[in-house]
Amino acid sequence: MKQWIKAASLSLVILSSSMYAQAAEAAQKVGYVATGQAMQQLAKRYNVTEKLRSEFKDRIDELRSIENRMKTKVDKAKRDGELLSESDRTKIQRELASLDSDYKLKAKALQEDQRRRGAEEEQKLVMKIRTAIQSVAKKEGYDIVVDAQAVLYADPKDDLSSKVISAVK
């Protein structure tokens, strides 16, 4: 019976020591980053909005030109509507319909292209931020870094946002 008690106590000691080792291992250094704020600051730094605006400037100007032509045709139809013959009115209506469909088609294509390019630029920033987070976390000795929106409370000393923003190249 004494051997059984010794074996049980030995296994209890081994089990409890492994539990303490796991508890010590579970104590990890956790930091957080306000990724939304970082995205906004980096978008301003890299002038993403201006870059996209200049990229699509010609197409936007073309849409404005179509709008102006449509407005001119509508004004002419209103102003001279009584004096125009039926064939001239029909001609103006067809031109307006053609301009309208052309405008809608080009506007939709522009909108899709702007959305796609915006997503591409955003993805570039996300990759830069992710790389900077990994670099800062390794340098500062953090085991885990989470988004600040997922954190209910954390010590401000674990906020890596400013370090990550300055680390983005």
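How many salt bridges does a search of the whole structure find? The search finds 18, where a salt bridge is a side-chain nitrogen of Lys or Arg within 4 Å of a carboxyl oxygen of Asp or Glu.

Before I go through some of them, a word on the source. This is a predicted model, in which local features need pLDDT of at least 70 and side-chain atom pairs count only at pLDDT 80 or more, while totals for chains, interfaces and linings use all residues. Residues are numbered from 1 along each chain as its sequence is written, and side-chain values use heavy atoms, with hydrogens and water left out.

One more convention, for helices and strands. Helices (H or I, at least four residues) and strands (E, at least two) are DSSP runs, numbered from the N terminus.

Side chains of opposite charge can pair when their charged atoms come close.

Take Lys73 and Glu95, whose side chains meet in a salt bridge at 2.7 Å, N to O. This pair links distant parts of the chain, since Lys73 is in helix α4 and Glu95 in helix α5, 22 residues apart. Lys73 is partly exposed because its relative accessible area is 26%, and Glu95 is partly exposed at 25%.

Another pair is Lys163 and Glu140, with closest N and O atoms 3.3 Å apart.

Arg116 is partly exposed at 39% relative accessibility, as is Glu120 at 34%.

Next, helix α5 itself. It has 55 residues, 86-140. At 1.5 Å a residue it should span 81 Å; the expected span is 1.5 Å times one less than the number of residues. The end C-alpha atoms are 79 Å apart, which agrees.

Which residues of α5 are buried? Among them are Ile92, Leu96, Leu99, Leu110, Ile129 and Val136, and the list also includes Arg117 and Glu121. The buried residues of α5 pack against β1 (30-33), α2 (35-45), α3 (48-55), α4 (57-80), β2 and α6 (161-167). Just after α5, Gly141 takes a positive phi of about 80°.

There is another positive phi to point out. Most residues other than glycine have a negative phi. Asn47 is not glycine, yet its phi is positive, near 50°. Asn47 is found in the loop between α2 and α3, and at 45% relative accessibility it counts as partly exposed.

Now strand β2, residues 144-147, which holds Ile144 and Val146. Ile144 is partly exposed at 35% relative accessibility, and Val146 is partly exposed at 31%. Leaving aside neighbours within four places in sequence, Val146 is in contact (heavy atoms within 4.5 Å) with Gly31, Tyr32, Val33 and Val151. The C-alpha atoms of Val146 and Ala34 are separated by 8.8 Å, although these residues are 112 residues apart along the chain.

Last, Ser161 in helix α6. Is Ser161 buried or exposed? Its relative accessibility is 4%, so it counts as buried. Setting aside its neighbours within four places in sequence, Ser161 is in contact with Tyr32, Val33 and Ala34. Tyr32 and Val33 were also on the contact list of Val146.

That is the end of the tour; questions are welcome.

Note on methods:
Buried < 20%, exposed > 50% of the residue type's maximum accessible area, 1.4 Å probe, protein only.
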